[in-house]
Amino acid sequence: MILSINLQLFSEEKTEKATPRKRQEARKKGQVLQSKEVTAALTLLFSLSGMKIFGRYVFRSLYESLLFFQNNFSSLDLSNTQVVYRICIYIIYYIVKGSFIIILINFVVAFASGYMQVGNLFTLENIKFKLSKLNPIEGFKKLFSLRSFVEFIKSFLKLVILGFVSYSYVNKNLDAILNQLNLNKFQFSYTLYNLAINLGIRLAFILFIMSLFDYLYQWYEYEKNLKMSKKEIKDEFKQSEGDPQIKSKIKQKQRQMAMNRMMQDVPKADVIITNPTHYAIAIRYDETLYDAPYVIAKGKNLVALKIRELAKENDISIVENKPLARELYSTIEIGDLIPPQLYEAVAEILAYVYSLKRNK
């Protein structure tokens, strides 16, 4: 005989996609698919866009604060604690007033970006202290790992691309900048500010496009780290379905409990129909419950012997009827009513038993 054995079932090579249970356990540990570069790029892009839209409001608040101190600085008594305290309150007020809209934009964008990538998740697993994090060998391995090389390539590409875009933008607008030198300092400052904001938005948009490629790489790394071997999938299936030995013991215990309950109902029977030695079926008729007799216990061989012993102990009639006993055992389960085709045979036996009881 030649047996065909799949040796991959015992392989530790991680080639299979992660199961839903593995993904759920990884999520509980804080291992989720997330690109921090996407969040940073979106936050920068929307912040600069907010500065372009609400810049006048921000600078107006800052100008009001400078104007306030310019007009009142000479009259302020800095040796007075209450005056200094009031100055600090004014500074905080104007800073919050001017930057509130930008802070709000940053918060909303960062929260929305994180929620869209991770969802609703709170875990302290990643901030737990682990001695493995202090292992210099592991740190050295990470320093020269493939991930470190990829991060270096990404940083280098960012530097080259953003530098080229910045140079091209400044070179394109150099004549416009030089032509603004004849303007007063406020107009010249506004022109530089406008050019800087436009350049920043362009760079932020390019960072966002590059962050999408980073997200794809993070997805690849995430799926790769979650991969499982065939043996791990087999072990997980055993854990989820239960060990066969434990399941066998549970089923054995359940059968024992069912047997005990069945034996407790035997004394309630009206008659025991036997084979005479191989089968025993306990029949009860209660007109307040059902319109027909029903089976409350049945057994074969040793169980049948136990049923007969209980019947003798409780003075229950035992009637031998081989064909009927076989038919009842093979076609009717415990708790089922006697089928119509067996009414007459069972009724005759019950009538005989009731007559014996009346004679006694």
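The UniProt annotation "transmembrane region", taken from an unreviewed entry, covers residues 83–112, 149–170 and 190–217; UniProt positions are given here in the numbering used for the model, feature names are shortened, and annotations may be inferred rather than shown by experiment. The structure is a predicted model, in which local features need pLDDT of at least 70 and side-chain atom pairs count only at pLDDT 80 or more, whereas totals for chains, interfaces and linings use all residues. Residues are numbered from 1 along each chain as its sequence is written, and side-chain values use heavy atoms, with hydrogens and water left out.

Helices (H or I, at least four residues) and strands (E, at least two) are DSSP runs, numbered from the N terminus. On this assignment, the annotated span 83–112 is 100% helix and 0% strand, with its end C-alpha atoms 42 Å apart. The annotated span 190–217 is likewise 100% helix and 0% strand, and 40 Å separate its end C-alpha atoms.

Among the residues of helix 5, V150, K154, L162, V165, S166 and Y169 are buried, where buried means under 20% relative accessible area, exposed over 50%, and partly exposed in between (1.4 Å probe, protein chains only). In the loop between helix 5 and helix 6 (174–179) lies N173, which is buried, with a relative accessible area of 19%. A polar atom of the N173 side chain lies 2.7 Å from the backbone oxygen of Y169; a polar contact is a pair of N or O atoms within 3.5 Å, of which, within protein, one must be able to donate a hydrogen and the other to accept it, and residues adjacent in sequence count only if both atoms are side-chain atoms.

Helix 2 contains S49, a partly exposed residue with a relative accessible area of 24%. The side chain of S49 reaches the backbone oxygen of L45 at 2.8 Å. Although S49 and A204 are 155 residues apart in sequence, their C-alpha atoms are 9.8 Å apart in space.

Side chains of opposite charge can pair when their charged atoms come close. With a salt bridge defined as a side-chain nitrogen of Lys or Arg within 4 Å of a carboxyl oxygen of Asp or Glu, the count comes to nine salt bridges. One of these joins the side chains of E37 and K158, at 3.1 Å from N to O. Because E37 lies in helix 2 (residues 36–72) and K158 in helix 5 (residues 146–172), this pair ties together parts that are 121 residues apart in sequence. K158 counts as partly exposed, at 22% relative accessibility. Another salt bridge is formed by the side chains of K268 and D265 at 3.5 Å, N to O; K268 is partly exposed, with a relative accessible area of 48%, and D265 is also partly exposed, at 28%.

A further salt bridge, at 3.8 Å from N to O, brings together the side chains of E333 and K298. This pair links distant parts of the chain, since E333 is in the loop between helix 11 (322–331) and helix 12 (343–359) and K298 is in strand 3 (residues 294–300), 35 residues apart. E333 counts as partly exposed at 49% relative accessibility, whereas K298 is buried, with a relative accessible area of 13%. Through shared partners, salt bridges also join E37, E151, K154, K158 and D214 into one network.

Strand 1 (residues 271–274) is covered on both faces, with V271 and I273 buried on one side and I272 and T274 buried on the other. Two strands are taken to pair if DSSP finds at least two bridges between them. Strand 1 runs antiparallel to strand 2 (residues 279–284), to which four bridges join it, and a hairpin of four residues connects the two strands. Within this pairing, I272 has A282 of strand 2 as its bridge partner. Four bridges also join strand 1 to strand 4 (residues 317–320), in this case in parallel, with V271 standing opposite S317.

The largest nonpolar core has 17 residues, of which I283, L328 and I338 touch the most other members; such a core is a set of buried Ala, Val, Leu, Ile, Met, Phe, Trp, Tyr and Cys residues joined through side-chain atoms within 4.5 Å. At least two residues of this core are supplied by each of strand 1, strand 2, helix 11 and helix 12, and the largest share, four residues, comes from helix 12.
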